[in-house]
Amino acid sequence: MAKQKLTPKAKADKKKRDLAFAKTFARKKKKAENQRKRRNAIKADKNIKNKDFDHKDRKFKSIKANRGNDGKGTKKE
């Protein structure tokens, strides 16, 4: 994926928005949950390389499948 071509002001504004979103309560909860799940999966000797935890389906999926909403796109979420 190509890097966005933004003006310096737009880049700074986007950085602020992205950071604010990353610090929301829901994102912090999901991040903490993902860290717990990954640690537990590694302890259980599961192969989770190149996988992310899908909070909707409650299991590890490939990054591609997790980002694309199971092939339905993200507009329908």
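N50 lies in the loop that joins α2 (25-43) to β1 (51-54), with helices (H or I, at least four residues) and strands (E, at least two) taken as DSSP runs numbered from the N terminus. The model is predicted: local features need pLDDT of at least 70, side-chain atom pairs count only at pLDDT 80 or more, and totals for chains, interfaces and linings use all residues. Residues are numbered from 1 along each chain as its sequence is written, and side-chain values use heavy atoms, with hydrogens and water left out.

N50 has a relative accessible area of 55% and is therefore exposed (exposed, over 50%; buried, under 20%; partly exposed, in between; 1.4 Å probe, protein chains only). Residues up to four places away in sequence aside, N50 touches K61, S62 and I63 (contact, heavy atoms within 4.5 Å). The C-alpha atoms of N50 and K64 are separated by 9.4 Å, the two residues being 14 residues apart along the chain.

E33, N34 and A41 of α2 are buried. Viewed down the axis of α2, the buried residues fall within an arc of 105 degrees, so they line one face of the helix; the arc is that of the directions from the helix axis to the C-beta atoms. These buried residues pack against β1 and β2 (59-62). F25, K28, K31, I42 and K43, on the other side of α2, are exposed. D45, which follows α2, has a positive phi, near 65 degrees.
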